[in-house]
Amino acid sequence: MRYLVKSHKSVEQATADLEAAVREHGFGVLHQYDLRKTLAGKGVDLPHECRILEVCNPAQAARVLDADMGMNIALPCRVSVYEDGGETWIGMARPTALLAGLSQAPGLREVAEEVEKSMISMIEQAK
């Protein structure tokens, strides 16, 4: 269900490299969350760095929504860059598994496979 790789980079560097890879693949970063900072602002101490990027390719998103408008609940795609056990990790929920669990609309699997292939490429490039 998830795709996860270890990176030799810091969370900061892996996040910056992921942002660049996202743009190179025709996607955009809609928002970036610094989960540690957000939780600290609410009085919760998260001991690990964690960045969550919401990424989207508008044309692919439109294809998903054309196939099943209800799939707006699965958009945009999210990629996490985080530290755990002194190591940096980059991961995502696989679009193929996520969308297959939510809808059987015709054409949806094809789009999910294309998006997943692109996202794996971005992650591999950033690691």
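A helix here is a DSSP run of at least four residues, numbered from the N terminus. The exercises concern a predicted model.

**Exercise 1.** Find which helix holds Glu 113 and decide whether this residue is buried, partly exposed or exposed.

Solution. Step one: Glu 113 belongs to helix H5. Step two: buried means under 20% relative accessible area, and exposed means over 50%. Step three: the relative accessible area of Glu 113 is 38%. Glu 113 is therefore partly exposed. As a further point on its position, Glu 113 and Val 5 are separated by 108 residues in sequence and by 19 Å in space, C-alpha to C-alpha.

**Exercise 2.** Compare the span of helix H5 with the expected one, then work out how its buried residues are arranged around the axis.

Solution. Step one: H5 covers residues 108-126, which makes 19 residues. From its first C-alpha to its last it reaches 27 Å, close to the 27 Å expected at 1.5 Å a residue. Step two: list the buried residues of H5, which are Leu 108, Val 111, Ala 112, Val 115, Glu 116, Met 119, Met 122, Ile 123 and Ala 126. Step three: seen down the axis of H5, these buried residues fall within an arc of 130 degrees, so they line one face of the helix. The general rule behind such a pattern is that an α-helix has 3.6 residues a turn, so residues three or four places apart point the same way. Step four: on the face of H5 turned away from the buried side are the exposed residues Arg 109 and Lys 117.

**Exercise 3.** Describe the largest nonpolar core and state which element gives the most to it.

Solution. Step one: this core has 28 residues, and Leu 18, Ile 90 and Met 119 have the most contacts inside it. Step two: the elements giving two or more residues to the core are E1, helix H1 (11-24), strand E3 (50-56), E4, E5 and H5. Step three: H5 gives the most, with eight residues. Step four: look at the contacts of Leu 18, among them Leu 53, Val 79, Ile 90 and Met 122.

Notes:
Residues numbered from 1 in each chain as written. Predicted model: local features only at pLDDT ≥ 70, side-chain atom pairs only at ≥ 80, totals over all residues. Heavy atoms only, no water. Expected span 1.5 Å × (residues − 1). Buried < 20%, exposed > 50% of the residue type's maximum accessible area, 1.4 Å probe, protein only. Arc of directions from axis to C-beta. Core = buried A, V, L, I, M, F, W, Y, C linked by side-chain atoms within 4.5 Å. Contact = heavy atoms within 4.5 Å.
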